[in-house]
Amino acid sequence: MNSHSEKPIIIQSDRTILLEVDNPQYELARDELIRFAELVKSPEHIHTYRLTPLSLWNAAAAGYTANQILERLAQYSRYEIPANVARDIIEFSERYGKLKLMNVNGQLAICSADPYLIQEIWHQKSVQPFVTKLLDKNTILTKPQFRGHIKQALIKLGFPVEDLAGYITGDPLKISLKKTTQTGKPFTLRHYQQEAVDIFYANGSVAGGSGVIVLPCGAGKTIVGLGIIAKLQCATLILATNVVAVRQWLTEILDKTDISPDLIGEYSGEIKEIKPITVATYQILIYRPNTASDFPHFSLFNKKNWGLIIYDEVHLLPAPVFRITAEIQARRRLGLTATLVREDGKEDDVFSLIGPKRYDVPWKELEKQGWIATAECHEIRLNLPEHLRLEYAIADSRTKFRIASENPMKEPLVKKLVARHNNDQILIIGQYIQQLEHFAKELNAPIITGQTPNDEREKLYAEFRAGTIKLLVVSKVANFAIDLPDANVAIQISGTFGSRQEEAQRLGRILRPKLDGTIAHFYSIITRDTKEQDYAANRQLFLTEQGYKYTILDANEIE
């Protein structure tokens with residue numbers, strides 16, 4: 001048994017938790033922490049997590065009790081848990097579900113066993129526009145059309161509601177999963193995919209039917225979505241990040257279910273079909289002729305009697321879509337993502353309007369079981385050349401980031417890495433088009449940017465998958481939902497400020513399991529002591545969250 005001094009975590013009274021990376025129990029502790037705490041920063045030796053009300057409510061919704069959390073913390077904590085932190089864990093955890101939204105004699109009501117809490121809510125100004133009557137000491141009747149707005153108002157007051165008001169069934173749809181795919185390969189849900197489906201479905205009861213499934217890129221989130229559609233057997237609207245992602249969904253639906261092709265449709269900038277299963281882009285939904293006008297395509301939500309709405313990459317859900325989601329709370333809602341973190345801080349809106357976290361699996365667990373590839377992550381630091389130092393010193397913050405990102409010293413380093421991996425499938429990913437065009441020319445490689453027509457993109461992706469192209473230069477269009485199963489090396493030459501979702505997507509490009517079991521490599525090229533290094537630290541949070549260790553190297557160490 002380890003002595004106290006060898007335990008890996010220290011819990012502080014401000015609810016932060018320090019985790020020692022070089023400790024033999026580091027991985028075990030990290031996999032527990034990520035279930036109920038948020039990672040704040042992850043430099044080399046000590047990682048900092050924070051217990052927040054939302055992280056504890058998500059844990060409670062996923063079935064973690066306060067006692068289980070306290071037991072896990074005690075198991076790995078070097079010192080006693082501060083009394084105020086233990087109290088906060090109990091108090092916050094218990095708040096989830098203290099208020100329930102229920103159907104009372106055909107009316108939507110806020111219910112609680114605590115009459116004082118009902119009185120407190122009844123007198124809250126932010127809730128008053130959505131409620132109609134204090135029915136009794138435990139029940140407030142509400143306006144059903146404001147089901148989402150009530151949940152948003154209550155979470156801001158610190159009381160996340162458990163929504164047990166039920167759902168409309170939607171139009172029936174006969175659909176089942178195939179036993180073999182179109183290529184003749186046997187097909188069945190993996191154990192964790194089946195588990196995610198069952199937890200979301202919850203035997204068809206009001207306890208299930210809304211929430212978020214968190215799985216790594218490459219672990220088959222789309223398959224979980226198909227499994228849930230097959231369980232519910234109802235008309236489904238799927239929202240995805242872009243046209244390539246939409247087509248990927250359409251391909252998977254045809255490949256793995258028995259549904260007839262004339263029952264599935266694409267609703268995008270290019271095609272406007274509304275079928276029993278419709279896959280739409282977020283972009284088309286938030287299109288409007290000008291900022292003063294309304295969103296004409298929001299009507300899609302009411303064009304059919306949908307029984308399920310799937311939000312792919314829910315961490316990227318555009319803010320206007322929350323508005324319409326608040327108004328369709330009677331329909332089942334599934335969010336799919338690799339991380340609950342949003343850059344705009346709207347995690348509480350995801351919790352209120354899509355639903356809480358229902359299921360997650362640490363990346364490393366799936367890696368051990370062979371479902372996703374083993375990946376090594378490296379940050380390689382180089383200096384800013386002398387002739388750019390003055391320009392950098394006097395530039396504003398945004399320009400500083402760009403100068404550091406476009407550091408010309410990156411070119412010889414990238415050429416070395418490409419030579420080192422000359423038998424691999426390599427993606428070079430970046431943010432700035434001019435920089436990418438330069439690299440494409442220097443390396444004699446094809447390039448895909450936002451300007452590349454969809455047909456040409458799909459042709460290049462197909463050639464890359466077939467191995468006829470070994471090296472592809474891509475802009476941020478490749479971040480989302482592109483199936484490049486044979487990429488095993490990603491070289492990031494520039495990124496979007498501190499976006500940890502972007503890091504997730506980019507690592508996800510190389511995480512599809514390799515047939516020959518080879519290791520995937522993720523390189524991030526960073527200019528030392530600049531804005532770029534500051535932002536890189538934030539992007540790495542995601543990889544640390546999922547259990548990937550970053551090795552930090554100097555450019556001189558790359559032969």
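**Aromatic contacts in the predicted model**

Good morning. I begin with F298, which is buried at a relative accessible area of 7%; buried here means under 20% relative accessible area, exposed over 50% and partly exposed in between, with a 1.4 Å probe and protein chains only. The structure is a predicted model, in which local features need pLDDT of at least 70, side-chain atom pairs count only at pLDDT 80 or more, and totals for chains, interfaces and linings use all residues. Residues are numbered from 1 along each chain as its sequence is written, and side-chain values use heavy atoms, leaving out hydrogens and water.

Next, the ring pairs. Rings of Phe, Tyr and Trp (its six-membered ring) pair if their centres lie within 6.5 Å; planes under 30 degrees apart are stacked, over 60 edge-to-face, and the rest tilted. Y96 and F351 are both buried.

The rings of F295 and F298 are stacked, because their centres are 4.7 Å apart and their planes at 25°. F295 is buried too, at 8% relative accessibility. Together with F301, F295 and F298 form one aromatic cluster.

Finally, charges over rings: NZ of Lys or CZ of Arg must be within 6 Å of the ring centre and within 35 degrees of the ring normal. R95 places its charged end over the ring of F159, 4.5 Å from the centre, and K256 lies over the face of F187 at 5.8 Å from the ring centre.
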